[in-house]
Amino acid sequence: MQCICGASILADDKFCEECGTPLTASKPPTAIDKCEKCGAGIDSEGYCCQCGFRQEPPVHDWLEVIINSQLAGVSDRGLKHSRNEDFLALQQLNDSQPNILVVCDGVSSSEKPDLAAKTAAETTCLALANAWEIGENSASAIKSAFATALANVCNISYRNSGDLEPPSTTIVAAIVQEGIATIGWLGDSRAYWISAHSHQQLTQDDSWLTEVVAAGKISEAEARLSPKAHAITRWLGADAVEDAVPSIVKFTIPDSGYLILCSDGLWNYTLDAAHLANLVQRSPDRDAIGISRTLVEFARNCGGHDNITVAVLCL
Amino acid sequence: MSHQFKAEVFQNQYLPQGAREVDAIMTITVEKGDSGVATGHNGRLFGIICDTSGSMGGDKIHAAKDAMIKIVNLLPEDAHFFIVTGAGKANVVFPVSPATTEKKQEAIAAIKSTLANGGTLMSTWLAQALTQFKKMPSAVRQALLLTDGQNDDSDEKSLKKVLLECEGVFQCDCRGVGTDWRVAQLQEIASKLLGTTDIIPSAAMIESDFRAILEKAMSKNVSDVALRLWTPQGAKVLFCKQVSPDIVDLTHRHKPVKPQMVDYPTGAWGSNESRDYHFCIEVNPGNIGDEMLAGRASLVYTLNGTETKVAEARILATWTDDEAKSTKIDRRVAHYTGQAELAQSIQEGLEARARNDIELATAKLGKAVKLAHESGNEATAKLLKTVVEIEDAPTGTVRLKREVAKEDAMALETRSTKTTRIAKSPN
């Protein structure tokens, strides 16, 4: 047997060892009622009554949002982190459009990053929908939605233990209507355009890596190896209120294809936009949820070192 | 009446691969309130146990008698009390009675006729007190034992036996007057009976100390509270200590409830009381990404044979390969680890000093000075100054004092387990 990339595969392979494409339809992990380690019962909080190991994945370990076959997304804990600190929110205002996509990645070194991500994603999605309905233009709608999200993130109560920052998150949000995608962001969660004819990264990370590469100091490949590669320079949080000015781009959708928003848990494992396009083209399922699952499975298969979130709009 | 118990756990739950030890500090606070668990007790019983052996003659017995009379007068009317005096054998001077005006007068008359003579067999005193306490098993039961001398060596075995019988029946604070008593001896009684030990350097100071003890005893209103700990199968509790307001090692005081579950005694609790406990649990390590419930600690109180759970908190363990997470030590765990080390350095320093091992005593007490300074434990720092000349506290550079009053060394020894609390936030 052969994978679509040409590498040979065995009948019971779950992934192509060459390109990482999943070879089986992926399903979200299901809850279990017996301890995987010792077989004893599970208490109401999800811990084994006997050996104490936690069984049931926390609520947002695997989050799927399916609006329709065109708009969907997946957020997964990954394999190494103990909880999912990413979140996503999607909305389609009416049958014709516009579509709203938001992906947030809570900053691990802050307090309650999971709650920051959830709050920011949900608030932004709702605020964008409201702004749109009162006729605000898309760029100012994104600015005001981020401001509302920031206010809500600042209101999260947390225990100031001294060594952690206040609740913080990255955010990337897109409003898509009549062939134009308006995208705003803070931090290093990204948006990509992928089609049969073209592919490109639409956002520029607010990160140390982007800054040094843009300044021509070192190559991206070298920069990625630095411990500072994931240091972000902008985010949504109480300690960065002054700097929370989003970058905004407008992108005219050239043909049919996919708008993809994702956290670094996915893009870390991609070489570039072409690699991502390759993965999308090889997905066994062509609808939005199928592609989202394919990309999440790819990142898990590569090691799943971080939380992975993908939102897909098929156009 | 209703009391709100709150339990909070402070820990770094992240462990590196293969690590087995989980440290956690649990803070328990009680507040009086309208909501929360309805608690109650069937009265309060306060026992006075006073040494009347020959050595108490003169000033001491006068001061002790005056102080006992003051205590009796101070007892609230809804409390019950009794008085046991002891020498070579014990004497129930006044049996369990309500603290009415009439009964107080009778008790005072009985106190006045007390004489001091005979040896010291503390086991007999405690055995008599035990008989009295058994008359009111549902009351909040607390005692105060006052002595000035050492227990007779022949009593060692009997004392151990009677302490086992008294454990859980009543709590007992111990006070030593002067400097002829032995710290370790009173500490053994007090710690077994969940009480405190302290020195009253001169007879004149007995009264104010008694007043403070009675006030504290009368503030207790939830009796017989146990700290219940569930641990996963295969786990081992390396230690369980009360670490604030003072250090009380409860590790070997556990009573099994059922498999994987033990109770540690905590005695009676008063309103607005707050204590910290330090658990160190060894568990079977998990894989990276695994989360484990390493312990579930709850407070359980028993009234008229019915158990009620009043607070609960979880101790967690999560294995991670993220070193930034696993190498962090929780501030409170670090603080109390330091306080335990401080107490131990003082004990070892004083022991070395008693053996004339000047070098070791200087090193240990110097380390204690440094630790007390770092943690802001001013009370202990002040006591250390009575034993050593401090040249530089931050580095723990000290010289042993040549002349040290015996009472100062004993005060340091008895109070070395008093800890200071960590500030709520470094900001």
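Contact here means heavy atoms within 4.5 Å. The model used in these exercises is predicted.

**Exercise 1.** Determine whether A:Ser138 is buried or exposed, and list its contacts beyond its neighbours within four places in sequence.

Solution.
1. Locate the residue: A:Ser138 belongs to helix α2 of chain A, residues 138–154.
2. Apply the cut-off: buried means under 20% relative accessible area. A:Ser138 has 8% relative accessibility, so this serine counts as buried.
3. With neighbours within four places in sequence left aside, A:Ser138 is in contact with A:Trp132, A:Ile175, A:Thr182 and A:Lys250.
4. Take A:Ile175 from that list: 37 residues separate A:Ser138 and A:Ile175 in sequence, while their C-alpha atoms are 7.0 Å apart.
5. Take A:Thr182 next: its side chain and that of A:Ser138 are joined by a polar contact of 2.9 Å.

**Exercise 2.** Work out which side chain makes a polar contact with the side chain of B:Ser416.

Solution.
1. B:Ser416 is found in the segment after α11 (406–415) of chain B.
2. Its relative accessibility is 1%, so B:Ser416 counts as buried.
3. Outside four places in sequence, the contacts of B:Ser416 are B:Ala343, B:Ile346 and B:Gln347.
4. The side chain of B:Gln347 makes the polar contact, at 2.8 Å.

**Exercise 3.** Describe the second largest pocket by volume and lining.

Solution.
1. The second largest pocket holds about 1,300 Å³ of space.
2. Its lining has 50 residues, and those closest to the centre are B:Gly195, B:Thr196, B:Thr197, B:Asp246 and B:Val248.
3. Helix α6 of chain B (residues 206–219) gives the largest share of the lining, 6 residues.
4. Sorted by class, the lining comprises 22 nonpolar, 14 polar and 14 charged residues.

Note on methods
Residues numbered from 1 in each chain as written. Chains lettered and ligands numbered in written order. Predicted model: local features only at pLDDT ≥ 70, side-chain atom pairs only at ≥ 80, totals over all residues. Heavy atoms only, no water. Helix = DSSP H or I, 4+ residues; strand = E, 2+ residues; numbered from the N terminus. Buried < 20%, exposed > 50% of the residue type's maximum accessible area, 1.4 Å probe, protein only. Polar contact = N/O pair within 3.5 Å; in protein donor to acceptor, adjacent residues only side chain to side chain. 1 Å grid on protein atoms, 1.4 Å probe; cavity = no way out; pocket = protein on both sides within 12 Å on 5 of 7 lines; lining within 4 Å. Points joined across faces, edges and corners; volume = space filled by probe spheres on them. Nonpolar A, V, L, I, M, F, W, Y, C, P; charged D, E, K, R; others polar.
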